[in-house]
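User: I would like to see how the labels used for a protein model follow from the values behind them. Please take me through some examples.

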Amino acid sequence: MTATPIADASAQQALRDAMATVASPVAVVTALDGTRPHGTTVSAFASLSLTPPMILVSLDNQSRLLAIIRRTRRFGLNVLGRHQIDLATAFARTGRDKFQGIPWTPSEDLPRLPGSAAWLAAEVDTYVPGGDHTVLLAHAVAAERAPGNPNPLTYHQRSFGTHTPLDT
Ligand SMILES: Cc1cc2nc3c(=O)[nH]c(=O)nc-3n(C[C@H](O)[C@H](O)[C@H](O)COP(=O)(O)O)c2cc1C
């Protein structure tokens, strides 16, 4: 076994600390493994293109969810509201049973979490290797927002929070 060089370790920590200043959105990406639902908490996702409508998600190469999506080429994106912090924590765990006790409905044949701020279903066009992660470039086949404009769940300085508009 080889130790991580100090220079690399400190560069990783510097990147982590710098990126912790970014207030990120939080979503649960889902897929079906046969009939079994699987999901993973992510903050590395974004809108990519309007014509055609596309989104991107970055997943760790070790992710179980990534292995499922490589087979099925489809995923759901449940954008979380501030009231869904329990889901963010539950789906950041490892294991095959993360959906145990969590209600979901099939939508576009993908697991959808009721009460989410937004729902997108997407089909992967391209897998882009990026270091220890893989970026999924995917076209959206469905997109819907919840009524009532729920406050978003955010992740900033390693804590969950939400967005507050400024008085301007
Ligand atoms: C706020 C937050 C954001 C996260 N963002 C990502 C992400 O963008 N990509 C990723 O691969 N993992 C991310 N993770 C870590 C995964 O949720 C975690 O490693 C999970 O156990 C992976 O599960 P899986 O192997 O079943 O896919 C995040 C975790 C948290 C708490």
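Analyst: A strand here is a DSSP run marked E of at least two residues, and strands are numbered from the N terminus. The model is a predicted one. Thr 134 belongs to strand β10, which covers residues 133–145.

User: Why is Thr 134 called buried?

Analyst: Buried means under 20% relative accessible area. Thr 134 has a relative accessible area of 4%, so Thr 134 is buried.

User: Which residues does Thr 134 touch, leaving out those up to four places away in sequence?

Analyst: Contact requires heavy atoms within 4.5 Å. By that rule Thr 134 touches Val 57, Ser 58, Leu 59, Asn 61, Leu 66, Arg 70, Tyr 127 and Val 128.

User: What makes the pairing of the Thr 134 and Arg 70 side chains a polar contact?

Analyst: A polar contact needs a pair of N or O atoms within 3.5 Å, one able to donate a hydrogen and the other able to accept it. The side chains of Thr 134 and Arg 70 are joined at 3.4 Å, so the distance meets the cut-off.

User: Where is Thr 154, and why is Thr 154 called buried?

Analyst: Thr 154 is in strand β11, residues 154–156. Its relative accessible area is 12%, and the limit is under 20%, so Thr 154 is buried.

User: What does the side chain of Thr 154 reach?

Analyst: The side chain of Thr 154 reaches the backbone nitrogen of Thr 162 at 3.2 Å. Thr 162 is also among the residues in contact with Thr 154, including Ser 24, Val 26 and Phe 160, when neighbours within four places in sequence are set aside.

User: How many residues surround the ligand, and which are the closest?

Analyst: A residue counts if one of its heavy atoms lies within 4 Å. There are 19 such residues around the ligand, and the closest are His 38, Thr 40, Thr 41, Ser 63 and Lys 98.

User: Which backbone atoms lie by oxygen atoms of the ligand?

Analyst: A backbone N or O atom of Ala 44 is 2.9 Å from a ligand oxygen. For a backbone N or O atom of Asp 60 the distance to a ligand oxygen is 2.8 Å. A polar backbone atom of Arg 93 is likewise 2.8 Å from an oxygen of the ligand. The ligand taken alone exposes 650 Å², and the protein buries 80% of that.

User: What kind of space does the ligand take, and which elements give two or more residues to its shell?

Analyst: The ligand takes the space of the largest pocket. The elements in question are β3 (36–42), β5 (54–60) and α2 (64–72). The largest share, four residues, comes from β3.

User: Why is Arg 73 called partly exposed?

Analyst: Partly exposed lies between the buried limit of 20% and the exposed limit of 50%. Arg 73 has a relative accessible area of 37%, so Arg 73 is partly exposed. Arg 73 sits in the loop between α2 and β6 (74–79).

User: Is Asp 109 buried or exposed?

Analyst: Exposed means over 50%. Asp 109 has 60% relative accessibility, so Asp 109 counts as exposed. Asp 109 lies in the loop between β7 (105–107) and β8 (110–112).

User: What is the phi of Arg 73, and what is that of Asp 109?

Analyst: Phi of Arg 73 is near 60°, and phi of Asp 109 is about 60°. Most residues other than glycine have a negative phi.

Key:
Residues are numbered from 1 along each chain as its sequence is written. This is a predicted model: local features need pLDDT of at least 70, side-chain atom pairs count only at pLDDT 80 or more; totals for chains, interfaces and linings use all residues. Side-chain values use heavy atoms; hydrogens and water are left out. Buried means under 20% relative accessible area, exposed over 50%, partly exposed in between (1.4 Å probe, protein chains only). Accessible areas come from the Shrake-Rupley method with a 1.4 Å probe; for residues, only the protein chains shown count as cover. On a 1 Å grid over the protein atoms alone, a cavity is a set of points where a 1.4 Å probe fits but cannot get out, and a pocket is an open set with protein on both sides within 12 Å along at least five of seven lines; lining residues have an atom within 4 Å of a point. A molecule sits in a cavity or pocket if more than half of its atoms lie within 2 Å of its grid points.
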